[in-house]
Amino acid sequence: MIYLAHTAHRQFLGLVAGFLAWIFTMTTVSLNEWRLWHVDDVSVITSGVAWVGIWKACFYSQVLPETENCRSISISDSFVPVEIPVAQVLMVLAVVCGLVGNVSGAVAMRMVYFSLEDRSSIRLVFMLAGTLYLLTGMLSLVPLVWNMSSVLNNSTIDFPPEFHLPVPPVRQQVGSAIGVGILASVLMLISGLLFLSYHYAWNTLKSEAPRDTRDPLHGPWNELTNGVNQGMDNPVFHIEEVS
């Protein structure tokens, strides 16, 4: 029985980082603060700031019936720029891929920390977890960087009148959701590299000799080759006959 728990401490940290990154990714998807729109006209948007996310746009107002006013943004809306529907699709894929990556990482760590007889698939599981972590990081990083670039370039969105958002805003600011998402992407990429860099088990499995599975209590203790006994008798049990 081979124990490899002492060889996977970095991969255990990678699993923890991957789980935290997945939580941050889901938080990024749910937050509205992807873009902060600062407006001059505070007759409707009394707070002077609107939050534009990938799913809806919100602002606070003291003149409208509701204090917090939100309008949903659909993937089929023609007025939204292409980076927003792309972010909707890729971020959902990142959440699903990150979940599968965490499950694969947990299975890989179980194979290392527990003494399993069959370790033939350990390389496949580690490679699968590492690849899924890297894929999750890239799926979330692309829309985050794309939307951040649009904010820094002050790219506007032609919202319909029911959104009550002016075009263009006075200035835009990168929201906290993008910062949280970039942190999650970096953690995902680090987790993927840690899992893919685990070579100890891969090398030892190739050179691992077959284990003897015979029962030491019930024998057989001597092997027969072509019907000839190749074992040696213990001389202690030899008794000379007395004539």
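## A walk through the fold

Let's start inside a helix: Thr136 sits in helix H3, which covers residues 122–152. Helices here are DSSP runs of H or I with at least four residues, strands are runs of E with at least two, and both are numbered from the N terminus. Because its relative accessibility is 0%, Thr136 counts as buried. For that label, buried means under 20% relative accessible area, exposed means over 50%, and partly exposed is in between, using a 1.4 Å probe on protein chains only. Leaving out residues up to four places away in sequence, Thr136 touches Ala94, Cys97, Gly98 and Met188. Touching, or contact, means heavy atoms within 4.5 Å.

Before going on, a word about what you're looking at. This is a predicted model, where local features need pLDDT of at least 70 and side-chain atom pairs count only at pLDDT 80 or more, while totals for chains, interfaces and linings use all residues. Residues are numbered from 1 along each chain as its sequence is written, and side-chain values use heavy atoms, with hydrogens and water left out.

Now zoom out. The protein chain has five helices and seven strands. Read from the N terminus, the elements go α-β-β-β-β-α-α-β-α-α-β-β. Of its 243 residues, 38% count as buried. Take the contacts in the chain with a separation of 6 or more: 68% of them come from residues 24 or more positions apart.

Next, the sheet. Strands of a sheet pair through backbone hydrogen bonds, and they can do so parallel or antiparallel. In this model, five strands make an open sheet in the order S4-S3-S2-S1-S5, with antiparallel pairing. Strands S4 (68–72) and S5 (171–174) are at the edges with a single partner strand each, so one side of each has no neighbour in the sheet. From one strand to the next, the twist averages 20 degrees. Two strands count as paired if DSSP finds at least two bridges between them. Strand S2 (residues 49–52) and strand S3 (residues 56–60) run antiparallel and are joined by three bridges. You can pick out Val52, whose bridge partner in S3 is Ala57.

How do helices H1 and H2 pack together? H1 (residues 9–30) and H2 (residues 83–113) pack at an angle of about 160 degrees, and their axes are 9 Å apart. That makes the two helices roughly antiparallel. Axes are lines fitted to C-alpha atoms, for helices over the stretch in contact, and angles run from 0 to 180 degrees between N-to-C directions. Under 35 degrees counts as roughly parallel, over 145 as roughly antiparallel, 65 to 115 as roughly perpendicular, and the rest as oblique. Among the residues that meet are Phe12, Leu15 and Trp22 in H1, and Met91, Val95 and Leu99 in H2.

At Ser30, we're still in helix H1. Is Ser30 buried or exposed? With 54% relative accessibility, Ser30 counts as exposed. Its C-alpha atom is 8.8 Å from that of Ile54, which is 24 residues apart from Ser30 along the chain.

Our last stop is Ile178, in helix H4 (residues 176–196). Ile178 counts as buried because its relative accessibility is 1%. Ile178 and Thr28 are 150 residues apart in sequence, yet 7.0 Å apart in space from C-alpha to C-alpha. Not counting residues up to four places away in sequence, Ile178 touches Glu33, Trp34, Leu144, Asn147 and Met148.
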